[in-house]
Amino acid sequence: TWGFQFIQQRESMIDPKDDMKKVLKKVTIQPFHTVPKVPEDFFDNSWKSLQVAISDIFANEKQKRSIEILYRIVGDISLIQKDEQLYNALYAECNKKICERVELLYKACGETEENYLCLFDSFWKGYKDQITKLKQIFLILERAYMIKSSKCKSLWKMCMSLLNAAICHIPDIFKKLLSSIYALIKAERTSGMNEKIRRILKSAVEILIELGHYREEFENDFLEQTREFYEKESLKQIETRDIKFYIGYMLSLIHISEPTRPRLISYAVFCLKKKKQ
């Protein structure tokens with residue numbers, strides 16, 4: 001009995017790794033006799049898939065291939081050091097699609113001020129979503145090439161630059177946008193408006209800020225029109241109203257610049273906050 005227990009103890013003391021060493025075999029990986037080559041049409045075929053995806057994004061259609069697969073395609077192109085070629089193709093394709101979308105804004109210039117700003121608001125929301133989807137696909141390109149080598153350091157800046165160029169190329173669009181903003185601001189000051197109109201005004205001003213036109217193209221005229229309006233309105237009211245009514249009326253007119261306004265802040269407060277940042 002003692003001998004049997006001793007044998008069991010010896011077996012329990014044996015390191016399992018010693019048995020594994022006897023079983024393990026050395027595997028040697030041999031190199032290829034010839035270095036694998038990337039097919040000559042690899043970039044062209046990959047770009048066709050990405051081009052279809054870009055078209056679907058700007059057309060607001062469902063993607064034919066998943067974001068993960070498209071992301072991997074961009075990664076493979078980056079591995080073969082075709083980043084610059086891919087960026088140039090992406091830039092040209094986005095420019096083409098953006099010009100097509102901006103053309104629709106030009107065709108709608110005959111709409112009323114409210115309808116036109118509603119259309120612009122819808123366009124702006126969709127455009128920001130489209131940039132987000134593009135970024136999900138081309139994130140590797142943005143980090144590996146755009147940040148280091150391109151003039152536009154991000155997809156967002158590239159798309160904003162292209163949109164600005166497309167709109168400036170058709171001056172009627174910008175003129176219609178500004179005249180619509182001024183018209184609805186005037187309507188608010190004289191007769192008031194609902195929150196929907198204030199929201200689309202806020203969106204329109206956001207577009208001016210993002211495209212870099214707020215200060216030079218809008219701010220000065222806006223402040224001048226505001227000054228003229230309050231001067232005329234104050235003279236008109238002070239001649240016909242008592243001082244109590246006059247003070248209350250003027251306070252009600254300047255509500256658009258009041259930071260403590262309930263619910264959504266007005267477009268004027270939005271502009272001031274944006275400038276401070």
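Which residues of helix 5 are buried? In this predicted model, the buried residues of helix 5 are D83, L86, Y87, A89, L90, E93, C94, K97, I98, R101, V102 and L105. Helix 5 is built from 25 residues, and the distance from its first C-alpha to its last is 36 Å, which is close to the 36 Å expected at 1.5 Å a residue. The elements against which the buried residues of helix 5 pack are helix 3, helix 4 (residues 67-79), helix 6, helix 7, helix 8 and helix 9.

Among the 277 residues of the protein, 38% count as buried. When contacts with a sequence separation of 6 or more are considered, 73% of them are accounted for by residues 24 or more positions apart.

One of the partners of helix 5 is helix 6, and the geometry of this pair can be described in some detail. The axes of helix 5 and helix 6 come within 11 Å of each other and cross at roughly 165 degrees. Because angles over 145 degrees count as roughly antiparallel, helix 5 and helix 6 are roughly antiparallel to each other, and their crossing is right-handed. On the side of helix 5 the contact is made by C94, I98, R101 and L105, which meet Y116, L119, F120, F123, Y127, Q130 and L134 in helix 6. Sorted by class, the contact of helix 5 with helix 6 has nine nonpolar, one polar and one charged residues.

Helix 6 also packs against helix 10, with an angle of about 60 degrees between them and their axes 9 Å apart. That angle makes helix 6 oblique to helix 10, and helix 6 passes helix 10 in a left-handed crossing. The residues of helix 6 that take part are E114, L117, C118, F120, D121, W124, K125 and K128, and they meet K196, I197, R199, I200, L201, S203, A204, E206, I207 and E210 in helix 10. By class, the contact of helix 6 with helix 10 has nine nonpolar, one polar and eight charged residues. F120 of helix 6 is listed in the contact with helix 5 and also in the contact with helix 10.

Helix 8, which covers residues 155-169, has 15 residues, and its reach of 21 Å from first C-alpha to last is close to the 21 Å expected at 1.5 Å a residue. The buried residues of helix 8 are L155, M158, C159, M160, L162, L163, A166 and I167. Their cover includes helix 5 (83-107), helix 6 (113-137), helix 7 (139-149), helix 9 (171-191) and helix 10 (195-210). Both members of each pair described above, helix 5 with helix 6 and helix 6 with helix 10, are therefore found among the elements that cover the buried residues of helix 8.

D56 has its place in helix 3 (residues 42-58), and D56 counts as buried because its relative accessibility is 4%, where the cut-off for a buried residue is under 20%. Leaving aside residues up to four places away in sequence, D56 touches E61, K62, Q63 and K64.

The loop between helix 3 and helix 4 contains N60 as well as S66. N60 is exposed, with a relative accessible area of 53%, whereas S66 is partly exposed, with a relative accessible area of 30%. The C-alpha atoms of S66 and A53 are 9.4 Å apart in space, while the two residues are 13 residues apart in sequence.

Backbone geometry sets N60 and Q81 apart for comment. Most residues other than glycine have a negative phi. N60, although not a glycine, has a positive phi of about 55 degrees, and Q81, also not a glycine, has a positive phi of about 60 degrees. Q81 lies in the loop between helix 4 and helix 5, and Q81 is exposed, with a relative accessible area of 71%.

Methods:
Residues are numbered from 1 along each chain as its sequence is written. This is a predicted model: local features need pLDDT of at least 70, side-chain atom pairs count only at pLDDT 80 or more; totals for chains, interfaces and linings use all residues. Side-chain values use heavy atoms; hydrogens and water are left out. Helices (H or I, at least four residues) and strands (E, at least two) are DSSP runs, numbered from the N terminus. The expected span of a helix is 1.5 Å times one less than its number of residues. Buried means under 20% relative accessible area, exposed over 50%, partly exposed in between (1.4 Å probe, protein chains only). Contact means heavy atoms within 4.5 Å. Axes are lines fitted to C-alpha atoms, for helices over the stretch in contact, and angles run from 0 to 180 degrees between N-to-C directions. Angles under 35 degrees count as roughly parallel, over 145 as roughly antiparallel, 65 to 115 as roughly perpendicular and the rest as oblique. A crossing is left-handed if the near helix is turned anticlockwise from the far one by less than a right angle, and right-handed if clockwise. Ala, Val, Leu, Ile, Met, Phe, Trp, Tyr, Cys and Pro count as nonpolar, Asp, Glu, Lys and Arg as charged, and the others, Gly among them, as polar.
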